Amino acid sequence: MTMMKTARIHEYGDASAIRYDDVPLPRPAFGDVLIRVAATSFNPTEAALRAGLLQAFLPVELPYTLGWDVAGTVAEVGAGVEGFAVGDRVVGRLDSGGAAAEYARAPAAVLTAAPKSVPLAHAAALPVAGLTAWQAVFEHGKVETGQRVLVNGAGGGVGGFVTQLAKHAGAEVIATAGPRSTEAVLRQGADHVVDYTARPVSAALDGPVDTLLNLVPLSPQDAAALAPLVRAGGRIVSIATPIEPPADAGVSAMHMVARNDVAHLGALVELVDAGAIGIDISASRPLADLADVHRLGQAGRTRGKVLIIP
């Protein structure tokens, strides 16, 4: 095999900018492995990249092969690589993209062994969303036993992991979700689900929370309405719209961008194999449908994680 299928963009634009190209099979450079891709997964941020909205702080060279999440089998090992062999099942986050393809070249340093307890393709849902959730819950939110945590936007791919990790940490979890996601969010461990389509979140709470984890874009009015729900001494962590509490509220607030951390990814894999957290796959689509998945995601019509199978 010398050629492979990829999903690439040659210019920024709407979902129709995604092209399905035949390109030469990559070869691993020093420190790399070549992965036979079992799956990648859709992340809304990739739709923003495709549209050209991230050029200021995430410039890429065009044509650009999409796909940050990768799960697959090592097909070739480059020079200087230790700890991986042909046939190993691996998972990782590819910050330079490339997983929306039949094969992907990846730095060995960003890979870890894939979970053994789930289908290999399902592991592709873990890196971007899971790392974001882990760092929001433990590193920045500092969630611990006995706290009340509000997860705003629990029905998305990140939200499912945030809900499970906060519950695993021993918190009481209050989650916002639409009717389509309520059952899944309850299965993931939420103690209370607030239907944000029916009433304001502030009207549904019976008291303040210790931590607010915001996972969705908000209007200035909605962001301002959420800030007072956090008690003095509490924390606000947002991966989307920054939320600023009143200066005299005694609440710390931050906007975070998850970093690639293979140790955190390995810890997530251990939790999956221990049965402590699950991977919520809402759909699996072939690589040729990636443009349609982008359209559905931008229309708010996806839930959980959508796998892309080459």
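Let's start with Ala125, which sits in the loop between strand S8 (111-113) and helix H2 (127-140). Keep in mind that this is a predicted model.

**Around Ala125**
- With a relative accessible area of 0%, Ala125 is buried, since the cut-off for that label is under 20%.
- Leaving aside residues up to four places away in sequence, Ala125 touches Ser41, Phe161, Ile279, Ile281, Lys305 and Leu307.
- Val201 is 76 residues from Ala125 in sequence, and their C-alpha atoms are 28 Å apart in space.

**H2 against H3**
- Two packed helices are described by the angle between their axes and the distance between the axes.
- Here, the axes of H2 and H3 (residues 157-168) come within 8 Å and cross at roughly 40°, so the two helices are oblique to each other.
- The crossing of H2 past H3 is right-handed.
- On the H2 side, the residues in contact are Ala129, Gly130, Thr132, Ala133, Trp134, Val137 and Phe138; on the H3 side, they are Gly157, Val158, Phe161, Val162, Leu165 and Ala166.
- Sorted by class, this contact has ten nonpolar residues, three polar ones and no charged ones.

**The whole chain**
- The protein chain has eight helices and 16 strands.
- Its C-alpha atoms fill a box of roughly 60 × 40 × 35 Å along the principal axes.
- A compact globule of 310 residues would have a radius of gyration near 19 Å, so the 20 Å of this chain agrees.
- Of the 310 residues, 53% count as buried.
- Among contacts between residues at least 6 apart in sequence, 67% join residues at least 24 apart.

Technical notes: Residues are numbered from 1 along each chain as its sequence is written. This is a predicted model: local features need pLDDT of at least 70, side-chain atom pairs count only at pLDDT 80 or more; totals for chains, interfaces and linings use all residues. Side-chain values use heavy atoms; hydrogens and water are left out. Helices (H or I, at least four residues) and strands (E, at least two) are DSSP runs, numbered from the N terminus. Buried means under 20% relative accessible area, exposed over 50%, partly exposed in between (1.4 Å probe, protein chains only). Contact means heavy atoms within 4.5 Å. Axes are lines fitted to C-alpha atoms, for helices over the stretch in contact, and angles run from 0 to 180 degrees between N-to-C directions. Angles under 35 degrees count as roughly parallel, over 145 as roughly antiparallel, 65 to 115 as roughly perpendicular and the rest as oblique. A crossing is left-handed if the near helix is turned anticlockwise from the far one by less than a right angle, and right-handed if clockwise. Ala, Val, Leu, Ile, Met, Phe, Trp, Tyr, Cys and Pro count as nonpolar, Asp, Glu, Lys and Arg as charged, and the others, Gly among them, as polar. The radius of gyration is taken over C-alpha atoms; the globule rule is 2.2 Å times the number of residues to the power 0.38.
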